[in-house]
Amino acid sequence: MIADRRQWLLGAGGLALAGLAGRAWQQGLLGGDNPALAAWDDWASGRLIGPLKLVGAGVLAASPHNTQPWSYAIGRFGVDIFEIAGRNLGAMDPFGRERLAGLGGAIHNMALASTALGRAARVRLLPDPGNPAHVARVILGPDGSGPAPHRLLPFISRRHTHRGAWRGGTLPDARRAAVLDFPAFPDVRIALFEPARPRGQRFAALTGDATAAIVADGAMMDASHRWMRHARRDALRLKDGLTIATSGVSPVLAAMGAMLPEQSARSEGEYWLANTRDTQLPTASLFGFVLTPRPHDRRSALLVGSAWQRLHLNATAAGLVAQPLNQLPEMIDREAQLGQPARFARLADALLDDPAWRPSFAFRLGVADAPAAPALRRPVSEVIGPPARIEWEIEQWRAAGGAF
Ligand SMILES: Cc1cc2nc3c(=O)[nH]c(=O)nc-3n(C[C@H](O)[C@H](O)[C@H](O)COP(=O)(O)O)c2cc1C
């Protein structure tokens, strides 16, 4: 696909450059500040204060296809986060498992951000049995009650999914240990595979096959295509989804590719399959799974996402790059949804020491020469919902004797 594009571009010397530049501008690749990226600087500059800081960190979390399936309610005593089920990946995530993982990532970022306020924080997952969309409540203690600022705070705005070519080769033990250095999340384990070993090779082959299966599934590709943002006006208006700038091609090729007409779901699939098989899998230093015994349990799905967020932040702090490669878990869910034989679930067993622990998230880790570009984000002002926590806030205020 990239080769095709290059040939097309080389052969297109006669085309009016002004027209091409105009198209690149439309794609958001040329032309100064991009307000759809301002959320990254909102965090890095420290300009958010109080509970807004938690939201500012939450919005920078990873989410499937950058769907950002969240809204937040803030108060004096903390922040609530809600699932927006309509921001979904359809047939690519039929049970909403990945959507919850994205929310889990946001919750983890919020917990880390609480340490920037100097207020102790407690996180209650799924606090309201009457409202399953209320995925977490972060409860903040009084000023001065919290631990010191967490060492990962600066990396919240430096973590980016890297889909490009990496250096390959093995990682020294110390760097690998740095990535895994975090307190255990309940019911979550991490499994790592060396690409050169038999299980690593099996992981790569299975991920390639799962990608081909997704590309051949029209409903999955249509669902994916809905989150592709080709036009600058869409990127600026929606501030979500995937763009060519974060697809893993070099900045120069991204700018050139942006001048081409919008891609179809089919051509996106062809590019994705080629990039996965020819670039992403062969240049990784390590593959891995986040495992859990019950991937579709809502709490477990949240915790899997929190663990991924933490692992990616640790990797960033250790100078490594990371990319989710979730084609295998996605195909396991798709076969279950369609009532088909569980072919991919069975094939995954060959990678697992204890098949009771199921793969709920797959990824690669490694070293890259250049950092990845930041993805679009809705800023804090666009994700704050109605004051759903007001009753609880008043209760807390009364309990504190009207002080605090
Ligand atoms: C549950 C989940 C599944 C994901 N699956 C993939 C994937 O299979 N391939 C990929 O390249 N990125 C995947 N991502 C990464 C998202 O596309 C990415 O987080 C999003 O586009 C925002 O970009 P950022 O992580 O750079 O902030 C996944 C993220 C989450 C949370």
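**Helix packing and the ligand shell**

Mentor: Start with handedness: H7 and H13 cross in a left-handed way. Keep in mind that this is a predicted model.

Trainee: Which residues make the contact of H7 and H13?

Mentor: H7 gives Leu206, Thr207, Ala210, Thr211, Ala213 and Ile214, and H13 gives Gln327, Leu328, Glu330 and Met331. By class, that contact holds 6 nonpolar, 3 polar and 1 charged residues.

Trainee: How do you know whether H7 and H11 are roughly parallel or antiparallel?

Mentor: Their axes cross at roughly 180 degrees and come within 10 Å. Over 145 degrees counts as roughly antiparallel. H7 and H11 are therefore roughly antiparallel to each other.

Trainee: What meets what between H7 and H11?

Mentor: Thr207, Gly208, Thr211, Ala212 and Val215 in H7 meet Gly269, Trp272, Leu273, Thr276 and Arg277 in H11. The classes are 4 nonpolar, 5 polar and 1 charged.

Trainee: At what angle do H8 and H11 cross?

Mentor: The axes of H8 (residues 218-225) and H11 (residues 265-280) cross at roughly 95 degrees, coming within 9 Å. Met221, Asp222, Ser224 and His225 of H8 make the contact with Ala265, Glu268 and Gly269 of H11. These divide into 2 nonpolar, 3 polar and 2 charged.

Trainee: Now the ligand. Why is the shell around the ligand said to lie between domain 1 and domain 2?

Mentor: Both domain 1 (2-9 + 17-32 + 160-366) and domain 2 (36-156 + 379-399) give residues to the shell, so it lies between them.

Trainee: Which residues come nearest to the ligand?

Mentor: Of the 19 residues around the ligand, the nearest are Ala62, Asn66, Pro324, Asn326 and Ala375. The elements giving two or more residues to the shell are helix H5 (97-114) and strand E7 (321-324). H5 has the largest share, 4 residues. By class, the shell has 7 nonpolar, 10 polar and 2 charged residues.

Key: Residues are numbered from 1 along each chain as its sequence is written. This is a predicted model: local features need pLDDT of at least 70, side-chain atom pairs count only at pLDDT 80 or more; totals for chains, interfaces and linings use all residues. A crossing is left-handed if the near helix is turned anticlockwise from the far one by less than a right angle, and right-handed if clockwise. Two residues are in contact if their C-beta atoms, placed from the backbone, lie within 7 Å. Ala, Val, Leu, Ile, Met, Phe, Trp, Tyr, Cys and Pro count as nonpolar, Asp, Glu, Lys and Arg as charged, and the others, Gly among them, as polar. A residue is near a molecule or strand if its C-beta atom, placed from the backbone, lies within 6 Å of it. Domain bounds come from an automatic or database domain assignment. Axes are lines fitted to C-alpha atoms, for helices over the stretch in contact, and angles run from 0 to 180 degrees between N-to-C directions. Angles under 35 degrees count as roughly parallel, over 145 as roughly antiparallel, 65 to 115 as roughly perpendicular and the rest as oblique.
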